[in-house]
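The tour moves from one selection to the next.

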Amino acid sequence: MELNETYWTDRYKNNQLGWDIGYPSPAIAEFMGQVENKNAKILIPGCGNAYEAAYLWKKGFNNVFLLDFSSIPLQKFSSENPDFPKAQLLNIDFFNVDGKFDFIIEQTFFCALNPDLRSNYAEKMIQLLEPAGRLVGLLFNIPLFEDHPPFGGNQKEYKKLFSKYFEIQKMETAYNSIPERQGNELFIKLKPIN
Ligand SMILES: C[S@@+](CC[C@H](N)C(=O)[O-])C[C@H]1O[C@@H](n2cnc3c(N)ncnc32)[C@H](O)[C@@H]1O
């Protein structure tokens, strides 16, 4: 199964959005709510309907970039948040984006990618983060599926992968997951090894 733009766009067209929680993730909102620098450059890759971005925008973060290779959720976000700069909506493949970011936010994007791409994901994150930047968010800590997304994983495997590239500042069971995911996801805060 090729997890390309057509695959994901069809999911949006058919309203098969099992991942979509419909509101900002409390764990991400709580973490980002403590960031004082409202000019921090933030990337949300595989953003989908991007409720976290609407939250951040309303909180005054003005440098938030949304990225998804399906245009459907980006258009929906734009129509619901008409003041949000169109230039900050990136309708491209994550692996082709350039730039440097202070924060990159992970939520159900890693698990959407073919597991063969996990090292590429980590390497791309390193390329995109400022030296003092952070990759923050949530990763599933359960097996899930092997032949289609969401692909699962576990802490041991993530530690092995990410410790090649990052100082793992936090990787622990999130205490503020949504009820449906309670106990099944890790909150991560990863800093590039310089
Ligand atoms: C499981 S959904 C998660 C959406 C959102 N993060 C959420 O939690 O609601 C995965 C998203 O990643 C996007 N996506 C998958 N692979 C991508 C890639 N290589 N580049 C950009 N977007 C991608 C899909 O279009 C989809 O919107």
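Predicted model: local features only at pLDDT ≥ 70, side-chain atom pairs only at ≥ 80, totals over all residues.

**Stop 1: the largest pocket.** Select Trp 8, Gly 46, Thr 108, Phe 109 and Ala 112, the lining residues that lie nearest the centre of the largest pocket. The lining has 39 residues in total, and the pocket has a volume of about 700 Å³. Next, colour α1 (5–13), β1 (42–45), α3 (51–58) and β4 (101–107), the elements that each give two or more residues to this lining. Of these, α1 gives the largest share, three residues. Colour the lining by class, and you will find 25 nonpolar, eight polar and six charged residues.

**Stop 2: the ligand.** Select the ligand, which sits in the largest pocket. How many residues surround the ligand? There are 18, and the closest are Tyr 12, Gly 46, Asp 68, Gln 107 and Thr 108. This shell holds eleven nonpolar, five polar and two charged residues.

- From a nitrogen atom of the ligand to a backbone N or O atom of Gly 46: 2.7 Å.
- From a nitrogen atom of the ligand to a backbone N or O atom of Phe 69: 3.2 Å.
- From an oxygen atom of the ligand to a side-chain N or O atom of Thr 108: 2.6 Å.

Taken alone, the ligand exposes 600 Å², and the protein buries 96% of that.

**Stop 3: the second largest pocket.** Select α2 (26–33), β6 (166–173) and β7 (185–192), each of which supplies at least two lining residues here. Then pick out lining residues, including Phe 31, Tyr 175 and Lys 189. The second largest pocket holds about 220 Å³ of space. Its lining divides into five nonpolar, three polar and four charged residues.

Key
Residues numbered from 1 in each chain as written. Heavy atoms only, no water. 1 Å grid on protein atoms, 1.4 Å probe; cavity = no way out; pocket = protein on both sides within 12 Å on 5 of 7 lines; lining within 4 Å. Points joined across faces, edges and corners; volume = space filled by probe spheres on them. Helix = DSSP H or I, 4+ residues; strand = E, 2+ residues; numbered from the N terminus. Nonpolar A, V, L, I, M, F, W, Y, C, P; charged D, E, K, R; others polar. Near = heavy atom within 4 Å. Polar contact = N/O pair within 3.5 Å; in protein donor to acceptor, adjacent residues only side chain to side chain. Areas by Shrake-Rupley, 256 points an atom, 1.4 Å probe, with all protein chains shown as cover. Sits in = over half its atoms within 2 Å of the grid points.
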